[in-house]
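The following exercises are to be worked through with the sequence and the structure at hand. Each task is followed by a solution in steps.

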Amino acid sequence: MEQPSTRTPQRKARRTPPVPRPAAPVGQGEHATVYRSGPGPGVPPLRRALDRMPAARLTGLGSGLLTALGMLAIGAGDAALLDGSPAVYGVFFIIGSAACALWVRPADLVTAPISAPIAYAVGGVPISGGGGGFGTQLMGLITLLSLNAGWLYAGTLLAALIALVRRIALIRARRRERNRQRKRPSRPPRSPRCSPAGRERSPR
């Protein structure tokens, strides 16, 4: 009689599926192209200068106090070193007004032209030349403001102009963002089963 074979059937060797190759990162493929975003040729130079400035984070009260303290320090130094020169004080006031309008946050842009003349008056106390009582100092400050009104108007107008330019740029940026949101599709794309072509292909 034939004896049954004790050999066990050899199992077929399982082939392990090939490990998928990792996809190349975006922008690092063989034919990848790098695009650099930069200001267009039609951007005005004032807008480029504003974009290079640090982000504005000061509140209206904070920028006003900082400008007033800065002008007070400049006025004290002007009185001690230059015997209260109104021209030097006026030049620094214009710089301070521009800095006040550039570093205030967008929600408080209206406060920049208001804080500038207040800072000029605060910093003009050391160079007003009024000594003695409060009345004498007040009259000296009024005289300083009336004789040097040109510097006061120039700094205030500069702060108002910078605030206006920033406000217009902010409004344009908001409009562009709204237009982008309107152009985006509000509904997600339909699946192939819901499309007419998918219905024709699907078995009935």
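**Exercise 1.** Identify the residues that form the positive surface patch in this predicted model.

*Solution.* The patch consists of Arg167, Arg172, Arg174, Arg175, Arg176, Arg178, Arg180, Arg182 and Lys183. To place one of these residues in the fold, note that Arg176 belongs to helix α6, which covers residues 149-183.

**Exercise 2.** Determine whether Ser97 is buried or exposed, and find its contacts beyond four places in sequence.

*Solution.* Begin with the location: Ser97 sits in helix α3, which spans residues 86-103. The relative accessible area of Ser97 is 1%, and because buried means under 20%, this residue is classed as buried. When residues up to four places away in sequence are set aside, Ser97 is in contact with Ala116, Gly155 and Ala159.

**Exercise 3.** Describe the surroundings of Phe92.

*Solution.* Phe92 is likewise part of helix α3. With a relative accessible area of 39%, Phe92 is partly exposed. Leaving out residues up to four places away in sequence, Phe92 touches Met71 and Ile74. As for Gly75, which is 17 residues from Phe92 along the chain, the C-alpha atoms of the two residues are 9.4 Å apart.

Key: Residues numbered from 1 in each chain as written. Predicted model: local features only at pLDDT ≥ 70, side-chain atom pairs only at ≥ 80, totals over all residues. Heavy atoms only, no water. Patch = residues over 30% accessible without salt bridge, like charges linked within 9 Å, V, L, I, M, F, W, Y side chains within 5 Å. Areas by Shrake-Rupley, 256 points an atom, 1.4 Å probe, with all protein chains shown as cover. Salt bridge = Lys/Arg side-chain N within 4 Å of Asp/Glu carboxyl O. Lys, Arg positive; Asp, Glu negative; His and termini not counted. Charge placed at Lys NZ, Arg CZ, Asp CG, Glu CD. Helix = DSSP H or I, 4+ residues; strand = E, 2+ residues; numbered from the N terminus. Buried < 20%, exposed > 50% of the residue type's maximum accessible area, 1.4 Å probe, protein only. Contact = heavy atoms within 4.5 Å.
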